[in-house]
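Me: I have this model open and would like to go through it with you. Could we start with the charged contacts?

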Amino acid sequence: MEAFRELLVQILAIIFGGVSLASRIPKWLRSKSIEGPIREDPPECLFDPLLGRHRFVKINGTKYHYIENGSRSKEMILCLHDFGDFWYGWRNQLTGLSHSNWVVALDLKGFGDSEKPFITSKYKDEVVVEELKKFIDVLQEDDRKIVLIGHGLGGHIAWKFVEKYPSMVSKFISISTPHPRIWLKHVMRSWRSVIENRWLYVCRLPFLPEMEKVANDLEVFYKRFKKSSSVTDLTN
């Protein structure tokens, strides 16, 4: 059953990827190039000091980027972002909760400024969960429990982490993330559900998702994090 499901996922990835690729061909022909604009500098709002301190740590050979705000003497709130997101999705939590907690927003492997290994086995749930445990162990010198918040993909990983290491977590908050078994049961329950989640399949292909993300420079960033007069007061 698992082998059949994996085969079906691969077929859907090729179909939806082909449709996405075909839709971009006319634009490439008009511009006579398949490369998007090259941006040398990221948006300035990502360097707002009010959001916290940028840090890097290497876990099992993979460099992880995270931003922290608040005192390390307080209880850690570890925030795991959704697919297509990065640490900046937790900007309001970084500022709003840092007075009472030590807030840590991690760029998951393959996202943001964290490293992006090419080998797919590096992204298996069990690998990511083990690296997440080591990440917590490195940051915390004692055995204090943490508050774990996960959204979407981050929630999926958080569910797996809580199941394996329940003694490390005092509170778990899942945002838009049912238990992985429930999600897997329903994500392919109908063609409508498959089509609505077609981006999940396209993102299994190499290069194409990245090409689409950078095709219009910062358009994707501004769509998710709308511009505001303040670099910290942005709304989804």
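Me: How many salt bridges does the structure hold?
Reply: The structure holds eight salt bridges, a salt bridge being a side-chain nitrogen of Lys or Arg within 4 Å of a carboxyl oxygen of Asp or Glu. Bear in mind that this is a predicted model, where local features need pLDDT of at least 70 and side-chain atom pairs count only at pLDDT 80 or more, while totals for chains, interfaces and linings use all residues. Residues are numbered from 1 along each chain as its sequence is written, and side-chain values use heavy atoms, with hydrogens and water left out.

Me: Which residues are linked in a network of salt bridges?
Reply: Arg53, Arg55, Glu68 and Arg72 are linked in that way. Between Arg55 and Glu68 the closest N and O atoms are 3.7 Å apart, and this pair links distant parts of the chain, with Arg55 in strand 1 (residues 53–59) and Glu68 in strand 2, 13 residues apart. Strands here are DSSP runs of E with at least two residues, and helices are runs of H or I with at least four, both numbered from the N terminus. Glu68 also forms a salt bridge with Arg72, where the closest N and O atoms are 3.1 Å apart.

Me: And is Glu68 buried or exposed?
Reply: Glu68 is buried, because its relative accessible area is 2%, and buried means under 20%, exposed over 50% and partly exposed in between, with a 1.4 Å probe and protein chains only. Arg55 is partly exposed at 33%, and Arg72 is partly exposed at 36%.

Me: What does Glu130 pair with?
Reply: Glu130 forms a salt bridge with Lys164, the closest N and O atoms being 2.7 Å apart. That pair links distant parts of the chain, with Glu130 in helix 3 and Lys164 in helix 4 (residues 153–164), 34 residues apart.

Me: Changing topic, where does Gly70 lie?
Reply: Gly70 lies in the loop between strand 2 (62–69) and strand 3 (76–80), and Gly70 is buried, with a relative accessible area of 16%. Gly70 and Leu51 are 19 residues apart in sequence, and their C-alpha atoms are 9.8 Å apart in space.

Me: Back to helices, where is Val19, and why does Val19 count as exposed?
Reply: Val19 is in helix 1 (residues 2–31), and Val19 counts as exposed because its relative accessibility is 55%.
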